[in-house]
Amino acid sequence: MADPVAAMCEQLIKAVNVMMDAESNQRYRLEALKFCEEFKEKCPFCVPCGLQLSDKSQAAVVRHFGLQILEHVIKFQWNSMPQQDKVHLKNCTMELLKNGTYPILEEESHIKDALSRIVVEMIKREWPQHWPDMLKEMETLTSFGVVGFEHCHPTPLPHQDTQTELVMLILLRLAEDVITFQTLPMQRRRDIQQTLTQNMDGIFTFLLTILQQHVDEYRRLAKAHCRVGIATLNTLAGYIDWVALIHITNENCHLLEILCLLLSEPELQLEAAECLLIAISRKGKLEDRKPLMLLFDDVAMHYILSAAQPEGTGHGETRYTFLKRLCQVLCALGSQLCALVGSIAEVEVPGNLNKYMEAFLAFTTHPSQFLRSSTLTTWGNVFRHEVLSKDPVIVQMAIKYLKATTTNLVKTGFPSKNDSPACEYARVDFDSDEDFNAFFNSFRAQQGEVIRPACKIAPLEAFQVAGEWLQYQINTPLDTGNCMSKSGEGFCSVLSPSVVQWDAMTFFTESVMGQLFKILDKEKLPVDQGMELLQAVVNYETRDPLILSCVLSNLSTLFPFILHQPQFLPKVFYKVRAVSNFVHAPRTRAVKNVRRHACSSITKMCRDYPDFMMPCFDMLYMQVKKLFANELLLTQMEKSALMEALVLLSNQFKDYSKQKAFLEEHMASVTARWLSGEMRSVLWDPASFLAFVGTDQVINEPGSEDQMGINRSRISFCVYTILGVVKRARWPTDLEEAKAGGFVVGYTSAGLPIYRNPCTEPLLALLPNLLALIRTHNSLYLPENQARLSETFKRAYDVMDVEKNLILAIPQPVLDVYDSPVYKSSLERMQGFFCTLYDNCYHVLGNAGPALQQDFYTIEGLAEKLLGSALIHLEHVPDHRLRPLLHILCKMPSSGQWCSELYQSMDECSGESQVTQEMLEERLVRLVTREVLDLLSELHDMYMTLLAISFNSLSWRDTTNCQRAATLVCWALLRQVVGGNLLPEAVTWLYASVLSALQMHGQHDGCNAALTQLALLIYDALRPRYVELRAIMNQIPNIHPEHLEQFDQKTVDPMLQKVGEKKRKDQFKKLIAGTVGKPLGQQFKKEVHIRNLPSLFKKAKPSKDIVSDSTKAGLVELFSPEHDDH
């Protein structure tokens, strides 16, 4: 046999060299690969060839291929191999472990990994039943001469480092396969895990002894021992995560002591920190976790803190990774502290808590933004802890944390820059400035969540820090930095030093003041200091739009102080009003935002403090009239905000007639324009509408003015006005005030008051044209109307680039957010017009019901009017326009017809997306279908249509949608009609839909659980009356007919059921397992079969024969007086 084996080996070596040679022809490489794969599947010489190729005299790539052959044989041929062949292969493998490798520093890591995999594959199939001495053989390989794993007193022999490392790799991979990845059948996994657990004392003693010995040798500058030490630590990490806590805390936490000592060893500290982190992060009974508090002792804390001290070697990536792990260790310690202190475990606050908190604060002030962010959860838990938050150490730490936050909130450290120590670390953590910006926004929000509980601990100190920072920024000259703004010379960009400082300070002040007014009594508020700050902000003058926006935010934050000194209100109001008129060229987004911010601030004041703002009503009304006289002075959004402010204040009239008269006067110009003959002709005819807004015009020069912009602004202004009034106009919340003001027109049969809204009459007069506009807007997507678009505006209905980026989660360049023009082209302006107008029209409908109530719902023919407008031509409306429709659908009457139309539309859009915009359209479909699911959870009266949507959506290509539909919607709807006379075809379709969804999504655990539960509910409810379900079950692949028969009989006759609910669910899950599809990556993978061995741990069932048991014990003895004494 030697000759054919040698010849085959020669061919295999050539094939491997062809595959691995970068210069090989692709065709030859594929032929070589095919030859090797066919050899592994068909050749009878796999074992001898594999052994010959894995000899260490061969090249590394050949050896690795030889080991792969042996692994393939064990995985796929082991069950059919004769026993003597198995023993031969096992003995040869052990020989490879002993003598088949080079010294530890010379051997390739992938060779060691491949060799360890072979051993683990044999262990998974034979241990412990057929290979009881496996652990002893592994220990022998390390040449420590120990009998078993029970008594380890090693005296290492030379040149065995490679074998020791291989044993570590074997033990680690075994734990990973059995515990972490669970790649074995249940019985084999249980046998191996229980055997490992039984031997865990010996295994841990063995590992710790090897670790200690090789660390001692490593300290004598033996690099080979360092490699063994690393392998041992990695193996420990694989076991610490799941073994009983007693093994970790044994001998007064000896393991943790060793790991703390190793934190000072540069070559081993990272792996030691990993082990320590896993150990400290363990959950379990609080009593079992008490020993972990030993890490708060002085010695352990000294080693942890010493390891965190900076080294003279610089900020290497390895060192930085170690600091991240060490930070996580401290965070895990904090979690254990919060869990144990004040609990039933009766753990006291550690005496050296201050030392731990100082170390934690050091990480919070580290230049790395990532390390700072890693500490936030622990800070929050400590500050919210019922016991710790009252400790004097934590009170002082809260103040220090608040001061540290004034630095952490400043957005510095962009990877592309070098203006901060944080930049060096950011280049390791982030791929781009956009990634860093997205991270920092989340980081800042998290800091706000921690600032709030810190303020509860030290509110006045927090106010002092915020006040000092605000005063400092006011007194500091602006620094524009090197980033020149497009707003002009001398103005800041979003990355200018002054802007990032003002922005951070504003966020901090908002977080502090928001808590201050909640937790302090009025008499304890620092009113004088607060008014001093407010006056300083009002007196501060700047023409920079970005700084102005921060000034406005601070005014809003400090505004509650005015309640104590009302005479200061006019100054604040004039300051905000002046910013709303801010004029600057060019009109960048920063300029637009600050104007909008000012208008919104006025609205917010009127919403939150209407009684307080009421004296300013006349002044505000006159100012708004002057601004509205010039159509081009304010944008539509700014006009809308000011109108809403007036309407909010008008609610304080608390007089129906007076408020109605004001609203009619306020809306007079809009009403006249909206109801004019010209506007009617435009709103009712798509062709006239397109011409009126200018989509039929060709604009050749990018910079030329759009002549029809004024027409679009007038339509937008009308809709904004209608929306603002319907959103804000309300009756008094106090019933007595409402009755006195004439808002109550009667009572329901239940005695509830029926209100009337003063805006009802003017709004109902405008509603027909609004519905006409919605119908016209839907008609714009018809082919004949799309043909009317000029070349300039062919893409006017497309998703805007900004919306695309939001949908696809693509971050916008940092500077462009504020420095870019509001709209860059005529096309973008047109797209923005259509998008905003469409959304606002539906928002008007959504608010009309709550605002007008019975006056809206009793409109004659309302359902037909809504169906003839909002749902007209819905099949042509693109996906991104359906979302606002879904938001208001549940508030509308005639929902049955709406849902029927939606089902048709959604069923069509859930198919394949067009190739050109596949990612965008698929994402849009997912968003829209999720909106449908949100809607369906609120509607329960149109079952057939809703059932069709819900069960059909289970198989849409969206796992989140599938899980939500199966969990929240499908059974909730089906349960309402399950007792009725459903058609057999309908029942069959419903059940088959669930099984089809399992085929598509069953590989995902969440979907699998939800769909299995849904299928079981349907089968239990409908199988007794519909035999067709049994026929469907018979079609499931690989189903066991006898098991199905038993389950089916128990379903039909519930009296036969004796098993618990969980066991029955498991039985059903096994029955339908054949429906679960595989993910694409697993569909063509060859199956590995591991046979179960005779179980070692079968427990004898206790006898239920009481008489028999008592007879054996002796009935006389059981009742004897002597027995009672025990």
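Which residue's side chain does glutamate 761 meet in a salt bridge? The partner is lysine 660, with 2.9 Å from N to O; a salt bridge here is a side-chain nitrogen of Lys or Arg within 4 Å of a carboxyl oxygen of Asp or Glu. This pair ties together distant parts of the chain, with glutamate 761 in helix α38 (residues 760-779) and lysine 660 in helix α32 (residues 656-666), 101 residues apart. Helices are DSSP runs of H or I with at least four residues, numbered from the N terminus. Glutamate 761 counts as partly exposed because its relative accessibility is 47%, while lysine 660, at 17%, is buried. For these labels, buried means under 20% relative accessible area, exposed over 50%, and partly exposed in between, using a 1.4 Å probe and protein chains only.

A word on the model itself: it is predicted, so local features need pLDDT of at least 70 and side-chain atom pairs count only at pLDDT 80 or more, while totals for chains, interfaces and linings use all residues. Residues are numbered from 1 along each chain as its sequence is written, and side-chain values use heavy atoms, leaving out hydrogens and water.

Back to the charged pairs: side chains of opposite charge can pair when their charged atoms come close. A search of the whole structure turns up 37 salt bridges. One of them joins arginine 1064 and aspartate 1020 at 2.8 Å, N to O. This pair, too, links distant parts of the chain: arginine 1064 sits in helix α54 (residues 1061-1071) and aspartate 1020 in helix α51 (residues 1005-1022), 44 residues apart. Arginine 1064 is buried, with a relative accessible area of 4%, whereas aspartate 1020 is partly exposed at 28%.

Arginine 452 is partly exposed at 27% relative accessibility, and glutamate 449 is partly exposed at 42%.

Then there is threonine 235, which sits in helix α11 (residues 223-240). With 0% relative accessibility, threonine 235 counts as buried. A polar atom of its side chain lies 2.9 Å from the backbone oxygen of alanine 231. Leaving aside residues up to four places away in sequence, threonine 235 touches Met168, Leu169, Leu171, Leu172 and Leu207, where contact means heavy atoms within 4.5 Å.

Key:
Helix = DSSP H or I, 4+ residues; strand = E, 2+ residues; numbered from the N terminus. Polar contact = N/O pair within 3.5 Å; in protein donor to acceptor, adjacent residues only side chain to side chain.
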